[in-house]
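Please read the points below alongside the model.

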Amino acid sequence: MAFLSVEALSKTYLPGTPGEVIALRDVSFSLEKGRFYVIYGPSGAGKSTLLNLIGAMDSPTIGHVRMEGEDISSLNEKQKAAYRRDKVGFVFQFYSLFQKLNALENIQLAASLSKDPLDPVKMIEAVGLKDRKLSYPRELSGGEQQRVAIARAIVKKPLLLLADEPTGALDSKTGGEVLALLSSLCKREGITVLLSTHNEKIASCADAVLRLNDGVISPMEYNDHPIDPKDIEW
């Protein structure tokens, strides 16, 4: 049984109206546990929609998302909230940190919602921000804020980490450093990663790539020799 399977997934916004938008069309694929996957495609391809459906932040029009056999699409809102809390970590393009909490407090808050979290202090050290743990988001650079967001997502020990263009708001060098950090931490913790990007270089770092365009997905492309993000000339 696949760790996560997406089965004939479609999403239509405003169906039956003049403004109808078909964001995803009959998308199917499966993921193995503990591997690093990339969804690659241009802006507007449906990448964020797909991540939102897998993360139970939205509901499909048709189709199913199953994690370890459980049909996520059929859960009620309370069950979906528990799924997001206990099994999924999220990293977004624009960090989404709590501005009134310092870096460590942002991570501690996520840890407090988990049944068996990692140590928040060790996590902030793992992302290289030991000396910035009492700084507030406004006092941190974009790269530092994204490091906090990664630590916040991983401290819960999620089974699946969904990263939506996590380097999109960063310069190339900082983005490469953040990607290398994300990759190494997830490998260390055995977390399955599904990351969306429009950057071909990031796609070359994945164990496998799913290409998405106009809501249609291509067969998964496996990479026998993924490139270490540290070795890419950004």
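Strand β3 is covered on both of its faces. The model is a predicted one, and the points below are grouped by topic.

**Strand β3 and its neighbours**
- On one side of β3 lie F36, V38 and Y40, on the other Y37 and I39, and all of these are buried.
- Counted by residue, five of the five in β3 are buried.
- β3 runs parallel to β8, and five bridges join the two strands.
- Within that pairing, I39 has S196 of β8 as its bridge partner.
- β3 also pairs with strand β9 (residues 208–213), again in the parallel sense, over four bridges.
- Here Y40 has R211 of β9 as its bridge partner.

- As a general point, nonpolar side chains in soluble globular proteins tend to be buried together.
- In this model the largest nonpolar core has 42 residues, and V38, M123, I154, L161 and L195 are those with the most contacts inside it.
- Elements that each supply at least two residues of this core include the strands β3 (36–40), β7 (160–164) and β8 (192–197).
- Helices on that list are α3 (103–112), α4 (120–126), α5 (142–154), α6 (172–189) and α7 (200–203).
- Leaving out residues up to four places away in sequence, L161 touches G89, V91, A153, I154, L182, C186, I191, T192, V193 and L194.
- Another core, of 31 residues, lies apart from the largest one; among its members are F3, L9, A56 and A208.

**Cysteines**
- How many disulfides are there? The count comes to zero.
- A disulfide needs two cysteine sulfur atoms within 2.5 Å. The sulfur of C186 is 13 Å from the closest cysteine sulfur, that of C205, so C186 is too far away for a bond.
- C205 likewise is in no disulfide, with the sulfur of C186 as the nearest cysteine sulfur, 13 Å away.
- C186 is buried, at a relative accessible area of 2%.
- C205 is buried too, at 6% relative accessible area.

**The open four-stranded sheet**
- Four strands form an open sheet in the order β2-β1-β4-β5, and their pairing is antiparallel.
- β2 (21–31) and β5 (70–71) are the edge strands, each pairing on one side only.
- Strand β1 (residues 4–13) and β2 run antiparallel and are joined by seven bridges.
- V6 has F29 of β2 as its bridge partner.

How values were computed: Residues numbered from 1 in each chain as written. Predicted model: local features only at pLDDT ≥ 70, side-chain atom pairs only at ≥ 80, totals over all residues. Heavy atoms only, no water. Pairing = 2+ DSSP bridges. Buried < 20%, exposed > 50% of the residue type's maximum accessible area, 1.4 Å probe, protein only. Core = buried A, V, L, I, M, F, W, Y, C linked by side-chain atoms within 4.5 Å. Contact = heavy atoms within 4.5 Å.
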